[in-house]
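Please walk through this structure with me, from its salt bridges to its helix packing and its sheet.

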Amino acid sequence: MAKASLRTVGIAMDFSPTSKLALKWAVDNLVDKHDRIILINVQPPQADHTRKDLFQDTGSPLVPLEEFREMNFTKQYGIARDPEVIDILDTLSRTKGVKGMFKVYWGDPREKLCSAVEDLHLNSLVIGSRGLGPIKRVLMGSVSKYVVTNASCPVTVVKGNQSSIKP
């Protein structure tokens, strides 16, 4: 019997409760042993961090979980260190042998997440939905709707609800 090929699963991660819910959903329902998981963070175009000038066009290099834990990484990319996310990835690594990576882009999250699918050769992308009301969705645009429509891989949208999200 041929061994199934390992998959690369992307998770849109802005460290909001809904993006953490998407990560947990992927861990529980999608990620298999020895898959690779890449957390994708999109910083606003006006963000000013030490690494932006180097990687603004291509996004950061893939950063292994070990480096993501370090304070230097969080300062260079302007991303808060999140113990909950690190703990989820550590547990996933220990229990399923999954390799966790991190990638930072700068720009419009809709466009950058779709680009990430191509750049990172994702087999699947999981994204949280904030459940914006109709007015905000028209004004701001729905990132998840855009990505579902335009990404070249399967996209799972994990809807958050107030009972499942802890602040």
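**Salt bridges, helices and sheet**

The count of salt bridges comes to six. The model is a predicted one. Side chains of opposite charge can pair when their charged atoms come close.

Start with Lys20. Asp82 forms a salt bridge with Lys20, and their closest N and O atoms are 2.8 Å apart. The two residues come from distant parts of the chain, 62 residues apart. Asp82 sits in the loop between α4 (71-77) and α5, while Lys20 belongs to helix α1.

Glu84 is partly exposed, with a relative accessible area of 32%. Lys20, Lys24, Asp82 and Glu84 are linked in a network of salt bridges.

Another pair involves Arg110 and Asp108. Their closest N and O atoms are 3.0 Å apart, and they form a salt bridge. Arg110 is partly exposed at 23% relative accessibility. Asp108 is partly exposed too, at 23% relative accessibility.

Two packed helices are described by the angle between their axes and the distance between the axes. For α1 (residues 17-29) and α5 (residues 83-96), the axes come within 11 Å and cross at roughly 10 degrees. An angle under 35 degrees counts as roughly parallel, and α1 and α5 are therefore roughly parallel to each other. Which residues of α1 and α5 make the contact? From α1 come Lys20, Leu23, Lys24 and Val27. From α5 come Glu84, Val85, Ile88, Leu89, Leu92 and Lys96. By class, this contact of α1 with α5 has six nonpolar residues, four charged residues and no polar ones.

Met13 gives another view of this region. Met13 lies in the loop between β1 (8-12) and α1. Its relative accessible area is 1%, so Met13 is buried. Which residues does Met13 touch? Beyond residues up to four places away in sequence, Met13 touches Ser19, Lys20, Leu23, Leu39, Ile40, Asn41 and Val85. Take Val85 from that list. Met13 and Val85 are 72 residues apart in sequence, yet their C-alpha atoms are 9.5 Å apart in space.

Finally, turn to the sheet. Strands of a sheet pair through backbone hydrogen bonds, either parallel or antiparallel. Here six strands form an open sheet with mixed pairing, in the order β3-β4-β2-β1-β5-β6. β3 (63-64) and β6 (155-159) are the edge strands, and each pairs on one side only. Strand β5 (residues 124-129) and β6 run parallel, joined by five bridges.

Note on methods:
Residues numbered from 1 in each chain as written. Predicted model: local features only at pLDDT ≥ 70, side-chain atom pairs only at ≥ 80, totals over all residues. Heavy atoms only, no water. Axes fitted to C-alpha atoms, helices over the stretch in contact; angles between N-to-C directions. Helix = DSSP H or I, 4+ residues; strand = E, 2+ residues; numbered from the N terminus. Parallel < 35°, antiparallel > 145°, perpendicular 65-115°, else oblique. Contact = heavy atoms within 4.5 Å. Nonpolar A, V, L, I, M, F, W, Y, C, P; charged D, E, K, R; others polar. Buried < 20%, exposed > 50% of the residue type's maximum accessible area, 1.4 Å probe, protein only. Salt bridge = Lys/Arg side-chain N within 4 Å of Asp/Glu carboxyl O. Pairing = 2+ DSSP bridges.
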